[in-house]
Protein chains: 2
Amino acid sequence: MKIDPDSPADLSAQIAKSIRDAIVSGTLRVDDRLPSEAELAEQFEVSRSTVREALKRLGAQSLIRTQRGATGGAFVNKLTYPEAYGQQITTATLLLSMNAVSFTTACEARYALERACAPLSAQRRTADHLATMRAEAHRQAQPGLTDEAFCASDVAFHRALVDAAGNPVLSYQLAGAVEAMQPLMNMITFTARSRETIVALHGAIADALDAQNAEETDAKLAELASYTNALAQSVFAARQKA
Amino acid sequence: MKIDPDSPADLSAQIAKSIRDAIVSGTLRVDDRLPSEAELAEQFEVSRSTVREALKRLGAQSLIRTQRGATGGAFVNKLTYPEAYGQQITTATLLLSMNAVSFTTACEARYALERACAPLSAQRRTADHLATMRAEAHRQAQPGLTDEAFCASDVAFHRALVDAAGNPVLSYQLAGAVEAMQPLMNMITFTARSRETIVALHGAIADALDAQNAEETDAKLAELASYTNALAQSVFAARQKA
DNA sequence: GACTTTTAAATGTCTGACAAATGAAAATTG
DNA sequence: CAATTTTCATTTGTCAGACATTTAAAAGTC
């Protein structure tokens, strides 16, 4: 654990990198305790504040957790799926909002990924997943539902579809796609969409999964994708006119 | 921008969350300048060190960048694809290594995602993408290649395949899958694999993309997936014996 | 007007201090 | 002796003040 003394700026970034490398490479293992802040300061020959700034950086990436008290300190954190989901979603949301990603591009990526799950979901869906999807589809049919609630339910439906594949890695990879892009799409299309059409497609997807029919599931997802795209086109066309 | 004064611990985390929310919600926009550390300290009624720790957290997530000097300060950072790729890869790598993900699960997710790109790649691949894939396949056939170099080339080949889909969002989403899982797979299977078989399949995939044949591309990817899985099974069986 | 110097503002770093939490050891008590 | 309470050392969390360094704009100089 050493840093380059010749580049005086951003010491805390260098120290964070040094520790991060040790974690990624496996030199530091899960639940290993790092030296105390005072010891790290001595090792790296910097002040305690600089060490603290480095540790905060690592904490922000969920690489370490800290605990106060006599036997406390900084410990290598076991990155859990929920933590990774959260980071994934934040990053994906910002990436989309800051880079002017076209609706077409986002929609294409979103459905390409979801359709990748379809065969596995059709094979492995449990009664639980089906129940969630049907419940959400039913909720979406309620007339009094706000647009926000409809969107949230939409996300929940698609999350269940993805989770039905029974592959946590896939669920993690798709968290950003579903949770970041679905709201984006809803925001654009909500003025023009027919909830009825969407609910019908959701029902058809649930039916296809129930029957473990992968082809039908894929076909209905493709239909939903093209419907969404068509909606967006009409919204953009209407905006052009105005 | 206010924080709860009743929870005295983790002030820097609360401040980071407050600013992060402002960025995600759009209250703070790209290239907006945050107040100086001294001003933030006054606003939140904390010391400058605490503000600094909060800013380091945000910097670790690439949400802000800082600049020294008279007109310097902290600015809302435009999250670029390369930055997002990097975070994605780090997170995916740690998630896999820390959660004892089975080879089968990782492999399944990896190929399900990559096969989602196949139809788009077959349609849109450019001469450039094809050239990269062929060059990497050729490199992989060199007898003197180390296992590390073979793995790196393998990653480059699959990256080109994904990028050929011409969808940056998809490339971003798949960065973790390819860059984190491919090395994991290579590490497990390198003792048993036949490079010849893999190179032949890579060549076949390039041919199929060249011909814009989506079905053939998908079929060859499926072959590669099942070959990889079979390899892993044989490695695990051999380990069981020993 | 072009160049140099000064200056002010901002982040980066350091030092020293105290508060608060926490578990372990020591002391007390029944 | 066992159970409880108290003390204590360790560690993170926070604060205050200082100085170094960088940077661009303002002031001064030729």
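Which rotation, and what shift along its axis, superposes chain A on chain B? I find a rotation of 180° with 0.0 Å of shift, at an RMSD of 0.0 Å. The two copies are therefore related as by a two-fold rotation axis. I note that 100% of the contact residues of chain A recur in chain B, so that the same surface serves both copies. The superposition is by least squares on the C-alpha atoms of residues with pLDDT of at least 70 in both copies.

Conventions. I record that this is a predicted model, in which local features need pLDDT of at least 70 and side-chain atom pairs count only at pLDDT 80 or more, while totals for chains, interfaces and linings use all residues. Residues are numbered from 1 along each chain as its sequence is written, chains are lettered from A and ligands numbered from 1 in the order in which they are written, and side-chain values use heavy atoms, with hydrogens and water left out.

Interface. I looked up the contact (heavy atoms within 4.5 Å) and found 49 residues from chain A and 49 residues from chain B. The buried area, meaning the accessible area (1.4 Å probe) lost by two parts on being put together and summed over both, is about 4,300 Å², with 66% from carbon and sulfur atoms. On the chain A side, Leu95(A), Met98(A) and Gln173(A) lose the most area to chain B, together 15% of what that side buries.

I count four salt bridges between chain A and chain B, each being a side-chain nitrogen of Lys or Arg within 4 Å of a carboxyl oxygen of Asp or Glu. Glu108(A) forms a salt bridge with Arg124(B), with 2.5 Å between the closest N and O atoms.

Aromatic rings. I searched the whole structure and found three aromatic pairs over all chains. Rings of Phe, Tyr and Trp (its six-membered ring) pair if their centres lie within 6.5 Å; planes under 30 degrees apart count as stacked, over 60 as edge-to-face and the rest as tilted. Tyr81(A) and Tyr85(A) form a tilted pair, 6.5 Å centre to centre with 50° between the planes. Both Tyr81(A) and Tyr85(A) are buried (under 20% relative accessible area; exposed is over 50%, partly exposed in between; 1.4 Å probe, protein chains only).

Phe103(A) is buried at a relative accessible area of 6%, whereas Phe236(A) is partly exposed at 28%.
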